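User: I am new to this structure. Please show me how to read its features.

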Amino acid sequence: MSKISKIIDTAVKVNGSIDKKLRLDKTDEQFYENHVVHTDNDKYTYESLTETASFLRKQVPFKPVIGIICGSGMGAYWNQGCLADALDGKIQFPYEVIPHFPRSTVKGHVGELVFGYLTGVPVVCMKGRFHYYEGYPLWKCAMPVRVMKLLGITHLIVSNAAGGLNPNFKVGDIMLVKDHINLMGFAGNNPLQGPNDDRFGPRFPPMNTAYSKELIIEAKKVAEELNMQDIIHEGVYTCLGGPNFETVAELKMLSMLGADTVGMSTVHEVITARHCDLTVFAFSLITNLCITNYKTASNPNHEEVIDVGKMRESVLQLFVQNIVTVIAKQANK
Ligand SMILES: O=P(O)(O)O[C@@H]1C[C@H](O)[C@@H](CO)O1
Ligand SMILES: Nc1nc2[nH]cnc2c(=O)[nH]1
């Protein structure tokens, strides 16, 4: 924390004129305790996250260059079938054995960090992520991104399961994320809130170039090669806190705002990743269509999210493998 003057002179204005001066003697810590909005993210210091990274580095004989967050759309909720399970030379760390890591609380969710090689490229996968609805603040949900950065990754691939709001989308389609709407940020909730450590990134990071345009172009080429072009779209993702799915009125509003998919993750991870200068590629698997009229009686549910994830398991693995190959080629140029 920057040094704040130990002596604070406070002028109290009464009837428009300064007629009383209070002299408060406070230490930096007291001042901070009393006056700075509490986020607690100062407990996850650069030093503590470095400890986490060195714990992992000591046990993994290679440096990952790409981080991959496997959410509900990438098999994180069932045991086999997740991209993380397909890595060669796997080294797995359940979240609970990793110093300073949060614990995964979603039912049936394994929750582990998996290192290995994907098409010969060293990667680290988060098998399962942390959600705001689990009770974690956004900075804690996103802290593994900083750990992966400290481990040496340059690129982050983020997957999510989402409701399709764009009427052209069908269940099972994939949307390449070109932008997001940080709705929770509108309400003052942001993973970068609190003291900024410049070793991670700047106080005021830009977000207009959050998603790599080059990787979106490459991903479209990959989709064509894999004959997936008919299920690929490009659009805007928005994240709500969850855990409930949205009301009809909320979805109508989100549609008017320009959102194409709605989910409960990704945005805070991407903000944290861009803050520390990672190149980001993200996609949504459309697991359900958002219901924007009052006549439809069916309800979205987590089971269908998992079922659609299973249905798209192999195609998504192939898609991500190919993108990893493209990124590695670009990096070696
Ligand atoms: O972790 P992601 O964003 O992939 O999962 C979404 C959001 C909720 O966790 C879950 C709802 O079914 O799917
Ligand atoms: N918020 C939200 N998250 C989802 N994850 C999967 N489907 C949905 C959805 O319809 N809404």
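User: In which sense do strand S8 (residues 174-181) and S11 pair, and over how many bridges?

Analyst: This is a predicted model: local features need pLDDT of at least 70, side-chain atom pairs count only at pLDDT 80 or more, and totals for chains, interfaces and linings use all residues. Residues are numbered from 1 along each chain as its sequence is written, chains are lettered from A and ligands numbered from 1 in written order, and side-chain values use heavy atoms, without hydrogens and water. Strands (E, at least two residues) and helices (H or I, at least four) are DSSP runs, numbered from the N terminus. Two strands pair if DSSP finds at least two bridges between them. S8 and S11 pair in the antiparallel sense, over three bridges. Met175 has Ser284 in S11 as its bridge partner.

User: How many bridges join strand S7 (residues 155-164) to S11?

Analyst: Ten, and the two strands run parallel. Opposite Ala162 stands Ile286 in S11.

User: How many residues of S11 are buried?

Analyst: Buried means under 20% relative accessible area (1.4 Å probe, protein chains only). In S11 (residues 279-289), nine of the eleven residues are buried, so the strand is largely enclosed by the rest of the structure.

User: At what angle do helix H2 (residues 46-59) and helix H4 (residues 143-151) pack?

Analyst: Axes are lines fitted to C-alpha atoms, for helices over the stretch in contact, and angles run from 0 to 180 degrees between N-to-C directions. Here the angle is about 60°, with the axes 9 Å apart.

User: Which residues meet there?

Analyst: Contact means heavy atoms within 4.5 Å. Among them, Leu49, Ala53 and Leu56 in H2 and Val147 and Leu150 in H4 take part.

Conventions:
Buried < 20%, exposed > 50% of the residue type's maximum accessible area, 1.4 Å probe, protein only.
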